[in-house]
Every structure is written in C-alpha cells, then in structure tokens.
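Dear colleague,

Please find the structure below, with its sequence.

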Amino acid sequence: MGLFTKEGEHEEAAVHIKPIIVRTPNVAKELLQAALNFKVSVHTLDFNLLETQTFSKKVVDGPAEDWVELSYDEVKELKEDFFLNPKIELKQVHEIEIFSILEPTLLDKIDMSIGGNPSLCKIYLTIKAGSIAKYYDQFQDDFIRMVNKKKLRANMMIGLFDSMMLQNLGELLAKIRVLGEYHFETQERFVIGQSYEPVETVDDKLILHYEAKQKNQDEHGRIDYAKRGYVISAVENELLIEYIKPRMGENGRNCRGEFITPKAPVVKYEPTFSVGEKIAVIETSNSIEYRAKVGGYVTFEGGIYDIKTEVDVQEISFKTTGSIDTQLDADVFLNVIQKDPLQDAIGTGMEVTVNVINIVGNIGANANVTAKKATVEGQVHQSATITADELNIDIHKGMAYGKVVNIKRLEHGIVEAEKVFITQATGGQIRAKEITIEILSSNVKMTASHKIEIKNLQGGENLFVIDPLLNESVDNLSDQSKKMEQTKNSMKDIQKELAGYERTWQENGPVMEDLKRKLIHYKKNGIKMPAAFVEKYQQHQQFKEKLEELRNELKRKEDQYAWLREKHTALQSEIFEARIINHDRWKNHNEIIFKLIDPPIEVIYIPTHNTEENVLGLVEDDNGEFSIKVVS
C-alpha cells in the first residue's frame with residue numbers, strides 16, 4: 001500500500017513481515033524470494049542462523065549415492081585428499097529465521113563487505129575507512145555472527161575452510177576490546193576463508209627472447225623503420241629462445257564447496273626448428289631453453305638457428321639495413337665495404353653499435369657509430385660521431401671519442417681520448433692526456449694534461465694548452481676543496497673538545513686512582529661497596545670511553561684530511577711534469593698556456609719565430625713566480 005505527500009510524490013509505506021523460518025541451501029536466494037513475496041526491499045530484511053547442516057555424497061558410475069550428513073566433529077576431521085577428490089560433492093543447508101529490520105544495531109556503524117579472489121579459494125573481509133566499532137559484552141560473538149551472515153549472503157560455506165578466521169581477526173577484536181571504541185582510519189582487510197587453490201593449466205608457449213631486443217618502436221609506440229633489427233646480437237649464455245612445455249593443472253575446491261577441474265592444456269607451439277653447434281639446448285621438466293654458447297649474432301637460415309660473429313654488408317642505410325644495435329660485449333665483427341665513392345658506407349642518420357667495425361668508405365651526416373674497436377678507411381662527416389676504445393680514421397671532420405685514437409688527417413674535427421696520434425692536423429680541437437702530431441699545420445687547439453709532442457711544425461695560430469684538470473671535473477675539484485675545509489673545521493672542533501676532556505682527566509686522575517684502590521679493597525674483603533663510590537667510578541669509566549672516542553675520531557679526521565690534501569697536491573704537481581715538445585723550429589704565431597689549479601691562473605708564452613725551444617715546461621722560481629721555460 002502507499003500514500004501521497006503534500007507535493008504529490010508517492011512513497012512506499014513501511015511493511016513489516018512476521019518472522020518466518022525456512023530451510024535453504026542458498027540464503028541470498030531465499031531472502032530475495034521473501035522480499036518479492038512480501039513486496040518489500042531485500043535491504044529491509046535480516047535473518048538469524050538457527051542451524052547449519054553439512055552434507056556430502058560420492059558420485060560413482062551409475063546413480064549417485066544419497067547425500068550423507070557430516071557431524072561437526074567429522075567436518076573438523078576432513079583432510080585434503082577428501083576435498084580434492086573429484087567424485088566428492090559438498091553442500092550445506094541452513095535453517096534461518098527471516099524478519100524485518102525494525103531498529104538499528106550496535107554494529108551498523110561497521111561498513112563491511114565480503115570478497116574473494118577469482119577462484120573464490122581465498123575469502124576476504126573488508127572494513128571500510130570511517131567505520132566505528134564500539135565494544136560491549138557480546139561484541140565478539142555478534143561480530144563473528146555478522147561476518148558469517150555476510151558469508152552466507154555471498155553463498156560461501158561456513159564452518160569449512162575458515163579455521164583461520166578467529167586467529168586473523170584476533171588482533172582487531174583485542175584492539176576494540178582494549179580501546180572501547182575503535183575508528184577505522186583506513187580500509188582494513190582480513191583473510192577469513194582459504195580453501196584449495198587449483199594449480200592453473202599451462203598452455204605451451206614459444207618465446208623468442210632475442211627478438212625482444214629489436215627496439216623498433218619510438219617512445220610513442222610508433223614503428224621506427226630505421227631500427228628494424230638487421231643484426232640481433234647475443235652474448236655467451238644468453239637465453240635466446242624458450243619453449244614452455246604444456247602442463248596439466250591440478251584440482252582445487254573453492255570456499256563455496258565447488259570442485260574446480262582444470263582445463264586441458266592447448267598445445268600448438270612445439271619447436272619444429274633445429275639449432276647449430278653454437279647454441280646449447282637445455283631441457284627441464286617445465287621448459288626447453290636455447291642459449292648462446294658464444295657471443296655473436298643470431299641467424300635463422302633453412303629452419304636452423306645459430307650464432308655467427310662476422311657480418312659483411314655493402315652499406316648501412318635506411319633502405320637496406322636500418323640502424324644496427326648490438327651489444328658491445330657481443331663478439332660481432334661488422335665489415336661495411338662501400339666501393340662506390342659517391343655513396344656513404346654509413347648512411348645519413350644511421351646509428352651503429354657493435355663490438356668491432358671495419359668501414360671501407362665514408363660515414364655520413366648525423367651518423368653515430370659506437371664500438372670497442374673501429375677502423376674508418378674513409379672520411380667522417382663533420383656532423384657524424386664515432387666512439388671506440390681503439391679508433392683508426394683516415395680523414396676526420398666530425399667528433400671522435402676513445403681511449404687510443406689514430407688519425408691520418410684531421411680537418412677541423414674534434415677528438416677526445418686518452419692518447420691521440422695524428423699524422424697531419426689542419427684545424428680542429430684535440431683533448432687528451434697525451435697528444436702526438438707528425439705534421440701540424442694551422443688553427444689547431446690542443447689541450448693535454450701530460451704531453452703535447454710535435455714532429456714537424458708547418459703552420460701557425462695553434463694553441464697549446466696544458467690543463468691538469470682535463471681528466472678531473474671542476475665540480476669534483478670544488479667538492480674536494482669543500483671536503484678539505486669541512487674536515488679541517490671538524491678537526492678544530494674535536495681538538496677543542498678533546499683539550500677540555502684531557503685537562504679534566506689529568507685533574508681528576510689522582511682522585512680516580514684512590515677511588516679505584518678503595519673499590520678493589522672492598523671487593524677483596526667482601527665489603528659492600530657504597531653506591532656513591534660505584535656510581536662515581538662508572539661515571540669515570542664513561543668519561544674515559546668518551547675521551548678515547550674523541551682521540552680516535554681526531555685520528556680519523558687527520559687521516560682523511562691528509563688523504564684529501566695529498567690527492568689535491570698530486571693533481572697540482574702534475575702540471576710541473578707536463579711537457580710541450582716540438583722537434584722542429586717554432587714558426588709563425590703559436591701560443592702556449594699552462595693552467596694552474598692553486599692559484600687558479602694561466603701562464604702564457606708565445607715562442608719566438610724560428611727558435612729551437614724543443615722542450616717547454618712550467619717552472620716556479622724562488623719568489624713563487626711561474627713561467628714557461630726550456631727544460632731538459
């Protein structure tokens with residue numbers, strides 16, 4: 001029945017049903033049916049659990065056995081093999097009293113829900129943030145009853161698979177009992193049911209791990225056709241291919257008592273290829289692994305996977321190979337032989353990373369080559385970059401970085417390395433520990449930390465710089481100076497504190513020795529020591545420990561300062577060992593600069609035209625003045 005408000009809106013009159021008792025295997029379904037029968041919302045109904053019966057039956061060939069009720073003790077004694085028997089079925093029948101909710105309960109401020117994992121083999125109780133639990137005498141019993149009612153509404157079994165529930169809720173219940181009122185500041189979750197999770201069936205799978213190294217997508221997921229993986233490298237023992245064998249899963253049973261049978265595995269990727277002698281095949285119970293026995297690159301020809309080390313190509317360009325990216329420690333040797341003088345061996349914008357590369361031809365604009373060892377029998381474009389530990393170049397106009405770099409002709413290029421050897425240099429910038437040039441023309445800026453040596457000087461307007469900080473950043477030097485200053489200040493503070501402790505120690509020494517003798521006397525004669533004496537002696541021992549601690553700390557700071565100072569001094573002293581060597585006469589205008597660290601000044605010298613000042617170095621005279629002079 002209904003009535004109308006003043007505004008004319010229809011409202012449903014409150015309907016209260018008389019309590020009814022039913023037996024049902026599905027509580028949620030029964031509550032919904034009662035709501036439909038009495039034309040009320042299911043949310044206005046509640047129930048009391050009066051009794052639960054647990055039944056089992058064994059499915060056999062032919063008619064199934066009748067359901068057999070299990071006693072409470074029998075339920076508790078059930079073992080894993082019973083639950084994992086596919087011929088056993090389980091059910092529960094509940095006797096419940098359904099009634100209308102007439103007034104709120106003390107538990108209404110606890111907002112809780114029941115959930116589970118996908119298989120329903122693990123059940124969780126979740127209590128939302130903002131819930132409030134107020135303790136009273138029957139709180140724990142009512143709380144557990146409410147949890148069980150939530151489980152029944154979710155069609156979960158009770159009394160089975162929930163032996164851990166009380167233990168897992170124990171800390172929460174104890175907290176509520178102690179505090180009296182507990183506020184849930186955050187959501188809290190508890191495992192209240194756990195049955196037998198099935199082991200998932202595994203379908204077979206073939207994983208080509210080596211193909212994952214093809215980085216052919218940009219940061220936005222678009223295909224980058226310049227990086228299409230022409231050569232895919234491998235290092236020794238690297239996993240290249242993996243076949244996951246199919247495995248039948250294992251049975252399970254969820255917290256509704258339902259038996260879970262795994263599906264049969266799908267098999268469609270069994271290997272049909274073979275491998276060469278440089279790939280190891282390792283078989284386990286679950287997989288077959290194909291691993292590289294040696295470093296190189298992966299090949300697949302005629303249905304056979306193998307590892308090779310040497311690649312020959314005519315050119316590396318967008319239309320032929322795309323960029324080539326292999327691991328530096330993979331033993332890949334790349335030969336790029338471009339006989340057409342009008343074509344680049346390494347095309348515009350190409351990127352190449354390889355252990356060893358031999359290039360017969362030119363490196364084009366904006367190309368980037370990285371290797372451990374590289375040879376260029378051609379020209380490096382002014383916008384190209386090549387990096388290698390061992391690097392040999394015919395004509396260099398671009399940027400070169402390495403450890404030992406040999407260049408036949410430098411033409412306004414940039415070189416940074418540990419040691420640089422150049423046959424002829426015309427323009428450019430060189431930075432290295434040691435620089436050796438056979439024929440030096442003009443407009444070359446050379447910066448070294450140890451030595452610059454010229455065999456034949458033909459031009460002018462060259463700049464020779466000795467800079468001991470070439471291999472040491474200014475930031476590192478500044479950091480060292482700050483650490484030295486900090487350590488020095490710490491030493492002063494410790495020395496001041498230590499001096500006070502030393503004075504007090506000496507002043508109280510005789511008193512402490514006398515106290516020590518008295519305590520030994522008391523102990524030897526079995527006399528109880530006065531508490532004041534014992535306390536004073538303990539304070540004395542603590543004072544002594546602090547004194548030793550300060551002494552040790554000062555020694556550590558002194559050692560640290562000495563080490564930092566020695567490092568700083570060694571770096572500065574290197575400049576006095578550095579040399580500018582010219583086996584020829586000085587010609588035209590050339591400038592020499594030695595950069596000091598402390599004081600931070602530059603000493604400049606311009607050799608006179610046609611003079612024979614073969615070996616030049618930095619000298620400090622008796623007055624502390626620095627100059628560049630001929631040294632032996």
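Helices (H or I, at least four residues) and strands (E, at least two) are DSSP runs, numbered from the N terminus. This is a predicted model, in which local features need pLDDT of at least 70 and side-chain atom pairs count only at pLDDT 80 or more, while totals for chains, interfaces and linings use all residues. Residues are numbered from 1 along each chain as its sequence is written, and side-chain values use heavy atoms, with hydrogens and water left out.

A volume is the space filled by probe spheres set on the points, which are joined across faces, edges and corners.

The largest pocket holds about 920 Å³ of space. Its lining has 30 residues, and Asp46, Ile101, Asp108, Met146 and Lys149 lie nearest the centre. At least two lining residues come from each of α1 (27-38), β4 (45-58), β6 (88-100) and α4 (139-153), with α4 supplying the largest share, 7 residues. Lys149 also lies over the face of Phe47, at 5.5 Å from the ring centre; a charge sits over a ring if NZ of Lys or CZ of Arg is within 6 Å of the ring centre and within 35 degrees of the ring normal.

The second largest pocket has a volume of about 550 Å³. Among its 23 lining residues, Tyr72, Lys76, Asn148, Ile158 and Gly159 are the closest to its centre. Here too α4 gives the most, with 5 residues.

Next, the strands. Strand β8 (residues 122-127) has 5 of its 6 residues buried, that is, under 20% relative accessible area (1.4 Å probe, protein chains only). Strand β8 pairs in the antiparallel sense with β7 (residues 112-116) over 5 bridges, and 6 bridges join β8 to antiparallel β11 (residues 188-194). Two strands pair if DSSP finds at least two bridges between them.

Finally, the whole structure contains 14 aromatic pairs. Rings of Phe, Tyr and Trp (its six-membered ring) pair if their centres lie within 6.5 Å; planes under 30 degrees apart count as stacked, over 60 as edge-to-face and the rest as tilted. Tyr210 and Tyr305 form an edge-to-face pair, 5.8 Å centre to centre with 70° between the planes. Both residues, Tyr210 and Tyr305, are buried.

Yours sincerely

Definitions and conventions
Buried means under 20% relative accessible area, exposed over 50%, partly exposed in between (1.4 Å probe, protein chains only). On a 1 Å grid over the protein atoms alone, a cavity is a set of points where a 1.4 Å probe fits but cannot get out, and a pocket is an open set with protein on both sides within 12 Å along at least five of seven lines; lining residues have an atom within 4 Å of a point.
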